[in-house]
Amino acid sequence: MSEERFGEFVLVRRHEQGHVAELVLDRPKAMNAVSTEMARCVAGACAELGEDRDVRVVVLTSTHERAFCVGADLKERNSFSDAELLRQRPVTRGAYTGVLELPVPTVAAVHGFALGGGFELALACDVIVADRTAVVGLPEVSVGVIPGGGGTQLLPRRVGAARAAELIFSARRVEAVEAGELGLVDQVVEAGRDREEALALAARIAGNSPVGLRAAKRALRLGQGLDLRAGLEVEDAAWRAVAFSGDRAEGVAAFNEKRRPEWPGE
């Protein structure tokens, strides 16, 4: 396994087996609160990972024992003038869109607090694995703002408009079991096993065609919110992008020859 730092607060681990990269939030003294500098670190790491054709899955994890990420750094925000807050906006937004726009499948491994922007980082992933210590929520209206890292758009796509409205308007925190029941997270695992289970899921995903994975993600994301007919056109375009690829040829050959495919990735 190789490691690379992106600034002070983000670490990327590339696992030698399975084409899995781990994007690690590493600001433990602040429970991974998203400062301006940390946002730059996340965005920079995502930009590089998005260009790395060897990466098939990204897993978002945390080094803090009691938190995934507690959201925006409100201590830093408290020192800002209005002009400084406005200048910070595209920087912090870049962190959330960086995760959201990764072209490969993404899995968040959540334990402890994942609140506000911290939960939005998880929502930007395709799948959320949470352990039983997880507490999630979007409490922004309780401090006079709104979820600004994608929460007002991503949460209703998961749980429906009415449920998202109740959660955002009430600013309530939701513990792991209820979060699983409501669909706020996708898997609830035993305490301390979120990273292990997320990496295991990532390894299973990464065994599949890299061309197919990227095209499937593109179709899933672009088709959201479209009517069925338009969505099927998005799917057809994605199918055409993979149907004549080397991966498709190798996958069919491997199936017929009863062997594991060796994906060319093109």
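How many bridges join E3 to strand E4, and which way do the two strands run? I looked this up in what is a predicted model. Six bridges join E3 to E4 (residues 57–62), and the two strands run parallel.

I then turned to strand E2 (residues 10–15). E2 is joined to E3 by six bridges, and this pair runs antiparallel. Valine 10 stands opposite leucine 25 in E3. I recorded E2 and E3 as a hairpin with four residues between them. In its turn, glycine 18 has a positive phi of about 95°.

**Entry: burial of E3**

I checked the accessibility of E3 (residues 20–25) and found six of its six residues buried, so the strand is largely enclosed by the rest of the structure. Val20, Glu22 and Val24 point one way, while Ala21, Leu23 and Leu25 point the other way; all are buried. I noted that Glu22 is among these buried residues.

**Entry: the sheet as a whole**

I traced the strand order as E1-E2-E3-E4-E6-E8-E11, seven strands in an open sheet with mixed pairing. Strands E1 (2–6) and E11 (187–189) stand at the edges with a single partner strand each, so one side of each has no neighbour in the sheet. Neighbouring strands are turned by 20° against each other on average, direction ignored. Alanine 130 stands opposite valine 188 of E11.

**Entry: helix H10**

I compared the length of H10 (residues 228–243) with expectation. Its 16 residues should span 22 Å at 1.5 Å a residue, and the end C-alpha atoms are 22 Å apart, which agrees. I listed its buried residues as Val234, Ala238, Val242 and Ala243. Seen down the axis, the buried residues of H10 fall within an arc of 165°, so they line one face of the helix. The face turned away from this buried side carries the exposed residues Arg229, Glu233 and Arg240.

**Entry: aromatic rings**

I found a count of one aromatic pair. Tryptophan 239 and phenylalanine 244 form it, edge-to-face, at 6.3 Å centre to centre with 75° between the planes. Tryptophan 239 is partly exposed at 48% relative accessibility, and phenylalanine 244 is exposed at 68%. I also looked at phenylalanine 9: arginine 27 lies over its face, 5.1 Å from the ring centre.

Definitions and conventions: Residues numbered from 1 in each chain as written. Predicted model: local features only at pLDDT ≥ 70, side-chain atom pairs only at ≥ 80, totals over all residues. Heavy atoms only, no water. Pairing = 2+ DSSP bridges. Axes fitted to C-alpha atoms, helices over the stretch in contact; angles between N-to-C directions. Phe/Tyr/Trp six-rings, centres within 6.5 Å; stacked < 30°, edge-to-face > 60°. Buried < 20%, exposed > 50% of the residue type's maximum accessible area, 1.4 Å probe, protein only. Lys NZ or Arg CZ within 6 Å of the ring centre and 35° of its normal. Expected span 1.5 Å × (residues − 1). Arc of directions from axis to C-beta.
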